[in-house]
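Hi,

Here is the structure I promised to pass on.

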Amino acid sequence: MNHQQLLTYFTTKQPEILDVIRQLVIQETPSSDKPRLDAFAEFLANRLRAAGATVEIIPSDTNGNHVRATFTTPQADASAKPALILCHFDTVWAVGSLATHPFRVEADGKAYGPGIFDMQASLALSEYAIHALRDLQLNLPRPLTILMTSDEEIGSHSSRELIETEAQKAAYVLVMESPLPGGVLKTTRKGIGGFDLEITGKAVHAGIEPENGISAIQELAHQTLKLHSLNDFQKGTTVNVGVVKGGTVSNVVAPHASADIDVRAWTQDEADRLEQAILGLQPVTKAQLKITGGWNRPPLERKVTGPLFERARAIGKKLGLDLQEGGTGGGSDGNLTGALGVPTLDGLGVPGAGAHADHEHIEVDGIAGRAALLVALLLEL
């Protein structure tokens, strides 16, 4: 394979790809808007078909529909496990955000817009990987599957089974999430869990017979201290009681209280420790505790990403890219595929910054290099 040919191809195509990114961004696809997500899924499916892929729309009753595309080349080994490219097309931005955050390209070479970095630009890269394979008559070593889902930003509840099924069939997974600053790939991600604590006490008049009551709020205070004592910042383990509610009026001993708890950990061992500790909480007073919840995303650990990153780094050098690795406390669908033991590499999107923030943007000059990297990975892994 001629790596310079790839770079030249995508450098020439960069303005065209940027315009496709614009088309994707201006359609606005918040996770909660099924009609928009379904229409967007049709739009993506039509583009992927036009590029040469075989495409299926996977319906969802609860969230937006999902898109699965497959593609191969004449000399690909049909019996080989496919490569899996993993994307999502929902964003955290509400409809109407374009009014205050319009798509635009500034003089500094940055393109702005809601969801452009996380991760509409990656949808365009995935499509143009197919264009490049056809236009340059390149041959894949294995078939290719591209999965684009509609609910990653809200936990991947309707797409998780689909993601895990496709990952178990795959040789490896390339997650097109936004990279860390400087284009750094993500080889570790914290696991993310959520637990709900409900406390039942006993209401009495706070002025007449407080000794006969059981304060759920008092119990909540004890449990909050217990929960925060589970933090281990040296290990990167965090437990946060983020939302608390309780009581009725000030002159009644609180009969109920509740807390929403966010937990994160770099390793499965730490995740197991936290879950055991939280589910094993015992009351300090005579109140009753009910604890529900668990881990939404297991940790993405380097043991499943490291070998793939080293291969990618060597391939990147052939393209003049000095790829680096890092970790993040946020989760992605890569957490799900990595937990299955499938080699996974995350953060392959276009360099930029500001995911979910007012300054969300991509670096336009990074489009060609990242697109060339994606195709080179598909050809050489």
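Below is what turned up on one helix pair and on the spaces in the protein.

A quick word on the source: this is a predicted model, where local features need pLDDT of at least 70, side-chain atom pairs count only at pLDDT 80 or more, and totals for chains, interfaces and linings use all residues. Residues are numbered from 1 along each chain as its sequence is written, and side-chain values use heavy atoms, with hydrogens and water left out.

Start with helices α1 (residues 3–25) and α3 (residues 116–135), whose axes come within 9 Å and cross at roughly 135°. (Helices here are DSSP runs of H or I, at least four residues, and strands are runs of E, at least two; axes are lines fitted to C-alpha atoms, and angles run from 0 to 180 degrees between N-to-C directions.) That angle makes α1 oblique to α3, because under 35 degrees counts as roughly parallel, over 145 as roughly antiparallel, 65 to 115 as roughly perpendicular and the rest as oblique.

Now the spaces. The largest pocket holds about 380 Å³, and of its 25 lining residues, D118, R189, G330, G331 and H356 are the closest to its centre. (A pocket is an open set of points on a 1 Å grid, with protein on both sides within 12 Å along at least five of seven lines; a 1.4 Å probe fits in a cavity but cannot get out; lining residues have an atom within 4 Å of a point.) α3 and strand β8 (185–189) are among the elements that each supply at least two lining residues.

Cheers

Note on methods
Grid points are joined across faces, edges and corners, and a volume is the space filled by probe spheres set on the points.
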